[in-house]
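Hi there,

Here is the model I promised to pass on.

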Amino acid sequence: MSKAINVCIVIPAYNEGPVIRHVVENIGATMKQSKLNYTIVVINDGSNDDTAAQAAAGGAKVITHILNSGAGSATATGLSYANQNNFDYAVTMDADDQHLPKDVLAGIKIAQKSATDLLIGSRLLDSNGMSRVKVLGNKGLSFITYALFGINVTDSQSGLRVFSKNALENLRWKTSGYEFCSEMLWRAKQIHLHIAEYPITAVYTEYSKAKGQNNWNAVNIVKSLIRRRLIEVFE
Amino acid sequence: MRYILLVALNMPIIILGLFNIITQYKLKRVNKDRLTHQISLWSIILIILIGSFPAYNLLMGKAVFDSSELSLFDIFQTTAIIVIIYIINRQRQKIEQNEKTIRDLHQEVSIKLSETHGQN
């Protein structure tokens, strides 16, 4: 009999009180139907609202950052927890309810079958529903990721990613904000992890549209990535 | 003579830079990629310094590159720039190390606190 795999669902959250309970319950219901052992971990990144209480009410384990440290840092904490607790896979997903639980399950299956270390759920392989401005911003950041780090993916900024045990043990990054998405791919390439993509559907509600990153934030991300790349020329 | 002085003044800094990175590598504080990168950086600086005199001789008399020889001020200024590169490099490594320590500490404290408080 094959051993059931353990999956850690990591959800970094900052002030997501209105939706986090629904997100946790939704993914929990889908995972319950699968044959996987799972734990849902919400990284409450120093929220000012009731994110922690709502996530706990939904059935998640909550790890609270004392200080707001950014999405990169919150994701790193979640993956560190998964690594310390010997999970076979960790899946990160956004807390704003834009990811479908069926895509999480599909990602785990694909990662298992293809022995992928870092599987990215790409919203741009099928960009239906995403506004043109967001498509442009995401494609632009993916192009910059390619230009700076030589990694060719369609959606470098996707929040839905599947990490293998190998990735959990070895993958580390330095940036703490949203620029970690591109840096993480670069670090994965440096340690020769197998990176792949699969198509996912992103659901844009009024809430997620209001919470999402705007293209001006992309300018900040690009600045930070260029700085990081230049610094490491001298490292 | 001035070019010899330029190389002589800067050689100890370059050796210090190389010695520093080799020590860090031997103590397993940096990986092989970073070692290679740093050795390349300091070697390029050394090659530029050693090659500056032959390059000057080669280019002298050609319209665009025609210039006067190095003054003593130029030598000290170049040395100061290389010292600054060395100091910046060291300080940045220390800052990155401290950032990593704080980040790891924050992560560990958060995970341990969540276990202690049993937020489940």
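**Strands of chain A**

In this predicted model, strand β2 (residues 37-44) of chain A is mostly covered, with six of its eight residues buried. Buried is used here for a residue with 20 or more other C-beta atoms within 10 Å of its own, the C-beta atoms being placed from the backbone. Strands (E, at least two residues) and helices (H or I, at least four) are DSSP runs numbered from the N terminus.

A word on conventions: residues are numbered from 1 along each chain as its sequence is written, and chains are lettered from A and ligands numbered from 1 in the order in which they are written. As the model is predicted, local features need pLDDT of at least 70 and side-chain atom pairs count only at pLDDT 80 or more, while totals for chains, interfaces and linings use all residues.

β2(A) pairs with strand β1 (residues 6-13) of chain A in the parallel sense over eight bridges; pairing requires that DSSP finds at least two bridges between the strands. Within this pair, Val10(A) has Val41(A) as its bridge partner. β2(A) also runs parallel to strand β3 (residues 61-64) of chain A, joined to it by four bridges. Here Val42(A) is partnered by Val62(A), and Asn44(A) stands opposite Thr64(A).

β1(A), helix α1 (residues 17-33) of chain A and β2(A) form a right-handed β-α-β unit, as do β2(A), helix α2 (residues 51-58) of chain A and β3(A). Right-handed describes a path from the first strand over the helix to the second that runs clockwise with the strands pointing away from the viewer.

**Helices of chain B**

The axes of helix α1 (residues 2-26) of chain B and α3(B) come within 10 Å and cross at roughly 10°. That makes the two helices, α1(B) and α3(B), roughly parallel, the term for angles under 35 degrees. Among the residues that meet are Leu5(B), Leu9(B) and Ile13(B) in α1(B), and Ile75(B), Ile82(B) and Tyr86(B) in α3(B).

**Where the chains touch**

How many residues of chain B are in contact with chain A? There are 13, facing 17 residues of chain A, where contact puts the backbone-placed C-beta atoms within 7 Å. On the chain B side, α2 (32-59) and α3 (72-117) are the elements that give two or more residues. The largest share, eight residues, comes from α3(B).

Best wishes

Terms used: Two residues are in contact if their C-beta atoms, placed from the backbone, lie within 7 Å. A residue is buried if 20 or more other C-beta atoms lie within 10 Å of its own, exposed if 12 or fewer, and partly exposed in between; C-beta atoms are placed from the backbone. Axes are lines fitted to C-alpha atoms, for helices over the stretch in contact, and angles run from 0 to 180 degrees between N-to-C directions. Angles under 35 degrees count as roughly parallel, over 145 as roughly antiparallel, 65 to 115 as roughly perpendicular and the rest as oblique.
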